[in-house]
Amino acid sequence: MNFSARIRNKLLYRFALPYLLILLIPLLSGFLIYQRTLHLVEEDATQSNLSILEHSRMTLDTRLAEIDNFAQKLVSDPKVLQFQYVNNPISSQSMGQVLDLIKKLADFKPINSFVFDYYILYKGSEVALSNHTIYGLSEFYQRHMLLDGVPFELWRAEALEPFYYQKYLPARSITHDGERQGLVTVIRSLGYPNYSPGAAIILIREKELKELVSGLDVSDSGWAYIADERGKRITHLSRSGVSGVDLPHVDLPADSPSGIFRKTIDGRDMLVTFTKSSYNDWTYVAVQPANVILEKVNYIRDVTMFFFALSLLLGGLISLLLAYRGSKPMGGLIGALTEHFGEELPKAKGMYPFLKTAVSHMIHSNKQLRDKVGEQLPLLQAALLERLLRNGFVNEDELEANLSHAGLTIRAPYYAVAIVQFLGYYDRISKDILDELALKRLHVREKLELALEGRLYVLETKEDRLLLLLLGDQETAAGCKAVYDAKLTALAQSIRHEVNGELAFARGTFYDKRMDIARSYDEAKQALVYAKPGFKGAVLTYEDLPSPVTPFYFPVEVETRLGTLTRVGETDQIERLFLELETANFNDRRLSFEMLRLFIYQLWGCLVKVGGELPRQEPDVQEQLKMRLKQLESYEDCHSEFRQLRDEFLRLCSAVAGRKKSHNSELLQRVLESIQASFSLESLTLLQIARSLQVSEVYLSQFFKEQTGETFTAYLERKRMERAMELLNETDIPVKEIAALVGYGSSNTFGRAFKRVYGTNATAVRSAAALAAHRDGS
């Protein structure tokens, strides 16, 4: 038996072992499936709970907002507030007010099914009113609010002594009309802090709150509850019969609005789901035993184990077949290697030593071939870069294939081409000069690669020129431009002294596509045209090249508007318009010098035209302008002359505005004096004042709004209301007479205006003033 035959006989045994190891895959996959299923079922259950809690929260937020609004209406009703001053509501003199208030309370309809009943309690008169009758406080407590073990005095102190903006008491068992009810108590105090004459009490059915979370599975010692902003439980849901007080405390993350986490509570593994309300900071919590959820996983585990046993049996049979089929081609491969290399390979004992020897021989041969190819790689890369600069690739796929073949990686957010040109060597080629240029290119190349940290490719195409392919890593093209221009400018200044010669840097635009690199190269060559011997400037960039064909921006409508604004004295508008012209012509456009000079001439013509229509203080201004225009010789001269023309326009505008302002101040003072003298007259109108001042009503209306910032009607109403407020606070004049004194013929019209300005009615203001005076007197 020859060497290759002996090796093939051992293959079957070697291949059988790996296939037997494959039998572990069903076990591993079953375990992973089990774990994944456990996670998914747990996530499904907890997400379901979270959805129920979120829905409950949104529903309860809506209902509580409605209840808050209902309570606000109760405590802010004028009749409810006025009844606090009734000292003996049971007397016959007060019976009319009592019946009136009961009728008013009956008009308040509960806004949702949560509201069980509502009452108004008064501390001073010790009474409670419902929408159908009146009680003494003690009788009311015994009939409608009786709590086990809570005496009346303690309940009264809790309900009436503190000031509550809106207080929710946890659900308690209350005897109401002889029937025990689970109710949540809402207390809203009358008055304000430090003065609370009573309170509104609203009772909410606890069963309505429990129905919100009834969809939660709280079997097997689970529970759910709703807690207020201080963590006090308003209501809870539990099938174990445990009271809300005896339920274990659950610490929740303070910085999370909702979430799901596992926690050991009383020795049991529990899943806690919670969400917090952004409306009132209430918390909705569900706590479930983890084993309730894992019961669903047991079925999946049994099915998984059945298929695992079946896979184990089938896998054993299949592994034997695959071992035979896998060893057959490997044996053929060993035979082929033996036949191909023949006597070149040394003898080896065993399959793997033989394969190792054969592969090592192949690798050695391949390395020799790659070394020969590597010697040609720099030439290949240079040729590829030249082709890229000539736009020699059809698309990105072709470019990427060639880059990969040449071992180049050109990947960056932005790309640009720059040219380094050694100046002064045109038509001066000799051996000494070529040697000198070679040394300079090498020095500059080392400096560039060091300063730009390798984020470039350098290509030598001519004796006096280097091409740089820049790779920009900034987020924007503008960022790449700023970074590279700063570095190239600094390099240009330092290298000029080191190489003892003149050189120029020219850069094309940064593009985000590699196929645009050739375009950037063409732009760099266009920029390089402006580099001449003696050039000492910074980096020449394509973006900064002048464009002589670009027209300046000064359309006819802008010229017309400029003249109009100057004639009417609008200084702010003139400054904004000149800022617009400066941005358009000196920043956004790359205008040639000739085009800029034409723009200055046209702007000067507009100034001459406007100045001829207005009185001038300096007769020789036009002559000075003519002299300056003749001296325009550079971009800086044009920009400076633009600013001086702007100052001339502003000077003219300020002169017009000064005269206009003096007239406006005098007219406004006369209008205000007329209003102050006549605002108490009902017949006072804008037309009347306009006629007295001999101006049109439309003009006076616009003028008044511009000068005061409010309309004539609004100003007149405000003056009348200010006077009315003074009379209400400082005199005892009846409201109807005050309305007439401030120019209102109807007390209803006066009342609507007063409420529109101050947000309350005049009677309430008079009552508040009287109450304040009474307290000061006492």
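**Entry 1: the chain as a whole**

I began with the secondary structure of this predicted model, and I found 25 helices and 17 strands in the chain. I then looked up burial, and I noted that buried residues make up 41% of the 778 residues in the chain. For the accessible surface I wrote down about 43,300 Å², with 55% of this area belonging to carbon and sulfur atoms. I also looked at contacts between residues at least 6 apart in sequence, and of these 63% join residues at least 24 apart.

**Entry 2: nonpolar cores**

Which residues touch the most other members of the largest nonpolar core? I found that this core has 42 residues, and that Leu 60, Leu 74, Tyr 122, Leu 129, Tyr 168 and Ile 202 touch the most other members. The element that gives the most to this core is α2, with eight residues. Apart from this core I found another one, of 29 residues, which includes Leu 577, Leu 632, Leu 645 and Cys 653. I kept in mind that nonpolar side chains tend to be buried together in soluble globular proteins.

I next followed Leu 74 on its own, leaving aside residues up to four places away in sequence, and I listed its contacts as Val 80, Leu 105, Phe 108, Tyr 118, Ile 120, Ala 200 and Ile 202.

**Entry 3: the largest pocket**

I turned to the pockets, and for the largest one I noted a volume of about 750 Å³. Its lining has 27 residues, and those closest to the centre are Leu 81, Gln 84, Tyr 85, Ala 764 and Ala 768. At least two lining residues each come from α2 (24-76), α3 (78-82), β6 (179-189) and α25 (762-777). Sorted by class, the lining holds 15 nonpolar, 10 polar and two charged residues.

**Entry 4: the second largest pocket**

How much space lies in the second largest pocket? I wrote down about 360 Å³. This pocket is lined by 15 residues, and Tyr 165, Gln 166, Lys 167, Tyr 168 and Glu 229 lie nearest its centre. By class I counted six nonpolar, three polar and six charged residues here.

Definitions and conventions
Residues are numbered from 1 along each chain as its sequence is written. This is a predicted model: local features need pLDDT of at least 70, side-chain atom pairs count only at pLDDT 80 or more; totals for chains, interfaces and linings use all residues. Side-chain values use heavy atoms; hydrogens and water are left out. On a 1 Å grid over the protein atoms alone, a cavity is a set of points where a 1.4 Å probe fits but cannot get out, and a pocket is an open set with protein on both sides within 12 Å along at least five of seven lines; lining residues have an atom within 4 Å of a point. Grid points are joined across faces, edges and corners, and a volume is the space filled by probe spheres set on the points. Helices (H or I, at least four residues) and strands (E, at least two) are DSSP runs, numbered from the N terminus. Ala, Val, Leu, Ile, Met, Phe, Trp, Tyr, Cys and Pro count as nonpolar, Asp, Glu, Lys and Arg as charged, and the others, Gly among them, as polar. Buried means under 20% relative accessible area, exposed over 50%, partly exposed in between (1.4 Å probe, protein chains only). Contact means heavy atoms within 4.5 Å. Accessible areas come from the Shrake-Rupley method with a 1.4 Å probe; for residues, only the protein chains shown count as cover. A nonpolar core is a set of buried Ala, Val, Leu, Ile, Met, Phe, Trp, Tyr and Cys residues joined through side-chain atoms within 4.5 Å.
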